[in-house]
Amino acid sequence: MKHRLAKSVGLSLLSPVIIGCILGLYYAFTLEGNGLNIFFNLFVSAIANAHIVGLTMAAFVVPGYLLMYKYAKVNYSGVLTLGLLGGAIFSYLLSATTGMAFIVNAVMSALAAGLFLFGLRQGLTTQSSHQ
């Protein structure tokens with residue numbers, strides 16, 4: 001169980017990379033100017049806010065999942081809500097209180113919670129096929 005949780009948390013840390021690439025590509029193609037410079041700035045900005053994702057996973061998502069697992073009441077929408085809520089709270093406290101950065105950090109944390117669940121589901125299917 002611990003190994004599967006650790007792999008899932010590691011997978012969730014890809015969220016800043018994914019969000020940085022998507023936003024960077026979008027703005028590089030839609031804005032006038034040096035596209036590579038715009039992409040690189042947004043990508044690095046998303047990576048710089050990866051601490052929001054890590055704190056959300058440590059304080060909200062993993063403990064919430066373990067509590068749900070303990071009582072056999074795992075609810076995927078509940079875990080995703082914990083990710084969004086944790087991202088919003090830590091973004092407000094540490095990074096951005098309003099604006100687009102606040103929303104992007106919250107969505108990045110919700111995506112991390114989704115990747116966490118995806119990693120757990122992948123671990124369950126490979127584990128059950130080996131038995």
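Reply: Contact here means heavy atoms within 4.5 Å. The model is a predicted one. By that criterion, Leu-5, Val-9 and Ser-12 of H1 meet Val-53, Met-57, Val-62, Tyr-65 and Leu-66 of H4. Sorted by class, the residues of this contact are seven nonpolar, one polar and no charged.

As for geometry, H1 covers residues 2-12, and its axis lies 11 Å from that of H4, at an angle of about 140°. Angles over 145 degrees would count as roughly antiparallel, so at its own angle H1 is oblique to H4. The crossing of the two helices is right-handed.

Met-57 ties this packing to other parts of the chain. Apart from neighbours within four places in sequence, Met-57 is in contact with Val-9 and Ser-12, and also with Val-62, Pro-63, Ala-112, Ala-113 and Phe-116. Met-57 is also listed, with Val-61, Tyr-65, Val-79 and Phe-116, among the residues with the most contacts inside the largest nonpolar core, which has 16 residues. The elements giving two or more residues to this core are H4 (50-70), H5 (76-95) and H6 (100-130). In soluble globular proteins, nonpolar side chains tend to be buried together.

Of its 131 residues, 34% count as buried. Among contacts between residues at least 6 apart in sequence, 69% join residues at least 24 apart. The C-alpha trace spans about 55 × 35 × 20 Å along its principal axes.

Technical notes. Residues are numbered from 1 along each chain as its sequence is written. This is a predicted model: local features need pLDDT of at least 70, side-chain atom pairs count only at pLDDT 80 or more; totals for chains, interfaces and linings use all residues. Side-chain values use heavy atoms; hydrogens and water are left out. A nonpolar core is a set of buried Ala, Val, Leu, Ile, Met, Phe, Trp, Tyr and Cys residues joined through side-chain atoms within 4.5 Å. Buried means under 20% relative accessible area, exposed over 50%, partly exposed in between (1.4 Å probe, protein chains only). Helices (H or I, at least four residues) and strands (E, at least two) are DSSP runs, numbered from the N terminus. Axes are lines fitted to C-alpha atoms, for helices over the stretch in contact, and angles run from 0 to 180 degrees between N-to-C directions. Angles under 35 degrees count as roughly parallel, over 145 as roughly antiparallel, 65 to 115 as roughly perpendicular and the rest as oblique. A crossing is left-handed if the near helix is turned anticlockwise from the far one by less than a right angle, and right-handed if clockwise. Ala, Val, Leu, Ile, Met, Phe, Trp, Tyr, Cys and Pro count as nonpolar, Asp, Glu, Lys and Arg as charged, and the others, Gly among them, as polar.
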